[in-house]
Amino acid sequence: MKKIILGLLLILCTTVFTACTAKKEPSDTKQLEVEESTDKEPTAAAEQENEPTAIPEQAASDVEDDQQQEATKAEKIDIKIAALKGPTGMGMVKMMEDAQAGTSANNYEFMIAGAADEITGKLIKGEIDIAAIPCNLASVLYNKTEGKIKLAGINTLGVLYIVEMGDTIHTVEDLRGKTIYSTGLGTTPQFTLNYILSANGIDPEKDVNIEYKSESTEVAALLSESSDAIAMLPQPYVTAVMMSNDKLRIALDIAKEWEAVSKDDSTVVTGVVIVRDEFLENNKEAFDAFMKEYAVSTAFVNENVDEAAALIEKYDIFKAGPSKKAIPYCNITLVEGEEMKGKVNGYLQVLFEQDPKSVGGKLPTDDIYYIQ
């Protein structure tokens, strides 16, 4: 019996010993593998762990884009721009908004003037780089500076209208013997009106009585005080006066009357954009970028009247209400290249024939034009 018990104990001990040995084997094997690995060359994974962390391709692209944006921002130049209250300035409002937001191609500083005289002196002194001014003034400045300005585009076509308190004026001939109130003595409005009257056989000095006032508001007051007053006014003043006086009507569109008598297919060119020659020579790419943004801005004004009117008031050019109704009549545009050259040449030729002083004593040569 004792032998049987001893035999069972021996078998049990052997079984336990075997099990313990089996459990230790993987650990021992793992330890052996680790020890063997220390004698081998570093694996590729190990080498990667020791290398600097690489920037993912997309992240590298983002960093590069940021760097380029910073570089572009640093390359922006400061450009001083002047425009007049009215249509010549109205077409720039999208650019003004973009400049304020910091999204324009360059850093634009705008000056909105009430009269052209506020611009000419600064332009000659180099305090303004680009300006939107009356077409004939561009020719005057070209002659005065001996060719140191360039004319790059037409920004406004016809904006003048004959309005009346009544219903008697339907043709230019109907103006004969009448009193006409207007602004612009010695400037484009006077020369334009004289041309149309003369072309229709009416002597501006004998057959009509033209009374020139210094401000459009003076003309508006005269219209409201009379039951039969006749006046020539530019937009958006025409619309502003009509909004306050429902008895006032547009009788004649001066641009259409001009084209009806023009012998060379010329048209009224109210405003143009000019640039100092020195600035252009040193900053051609920046100016070209400006012109592209200008084209976008004029299109925006014509296509988004409500938004444009709000910006026109925001930048103190004119009230939003009248601007909204006037924009379709303001002929805001941007004409460049050979088309610009043809229209300006024809218009200045007519003014020169009226009075050489209106264009600075002589017609400009073709080097006045900047054509990309």
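**View 1. Strands β5 and β8 run antiparallel.** Strand β5 (residues 160–165) is joined to strand β8 (residues 230–234) by 5 bridges. Opposite Leu-160 stands Pro-234 of β8. This is a predicted model, in which local features need pLDDT of at least 70, side-chain atom pairs count only at pLDDT 80 or more, and totals for chains, interfaces and linings use all residues. Residues are numbered from 1 along each chain as its sequence is written, and side-chain values use heavy atoms, leaving out hydrogens and water. Helices (H or I, at least four residues) and strands (E, at least two) are DSSP runs, numbered from the N terminus. Two strands count as paired if DSSP finds at least two bridges between them.

**View 2. An open sheet is formed by 5 strands.** The order is β7-β6-β8-β5-β9, with mixed pairing. At the edges stand β7 (209–213) and β9 (248–253); each has a single partner strand, so one side of each is left without a neighbour in the sheet. On average, neighbouring strands of this sheet are turned by 30° against each other, direction ignored. Helix α8 (residues 188–199) packs on the sheet and touches β5, β6 (179–183), β7 and β8, its direction making about 165° with that of β7. Helix α11 (residues 254–261) also packs there, touching β5, β8 and β9, and makes about 25° with the direction of β9. Axes are lines fitted to C-alpha atoms, for helices over the stretch in contact, and angles run from 0 to 180 degrees between N-to-C directions. Contact means heavy atoms within 4.5 Å.

**View 3. Strand β6 is largely enclosed by the rest of the structure.** β6 pairs with β7 in the parallel sense over 5 bridges, and Thr-183 stands opposite Lys-213 in β7. From β6 the chain passes through α8 to β7, a right-handed β-α-β crossover. Right-handed means that, with the strands pointing away from the viewer, the path from the first strand over the helix to the second runs clockwise. β6 is also joined to β8 by 3 bridges, again running parallel; here Tyr-181 has Ala-231 as its bridge partner.

**View 4. Glu-257 is buried in helix α11.** Glu-257 has no salt bridge, meaning a side-chain nitrogen of Lys or Arg within 4 Å of a carboxyl oxygen of Asp or Glu. The nearest side chain of opposite charge, Lys-256, is 8.4 Å away. Lys and Arg count as positive and Asp and Glu as negative, while His and the chain ends are not counted. Leaving aside residues up to four places away in sequence, Glu-257 touches Val-172, Ile-196 and Leu-252.

**View 5. An open sheet is formed by 6 strands.** Its order is β2-β1-β3-β10-β4-β11 and its pairing is mixed. The edge strands, β2 (107–113) and β11 (332–335), each pair on one side only. Neighbouring strands are turned by 25° against each other on average, direction ignored. Helix α7 (residues 135–144) packs on this sheet, touching β3 (130–134), β4 and β10, at about 120° to the direction of β3. Helix α16 (residues 337–354) touches β4 and β11, at about 90° to the direction of β4.

Definitions and conventions:
Buried < 20%, exposed > 50% of the residue type's maximum accessible area, 1.4 Å probe, protein only.
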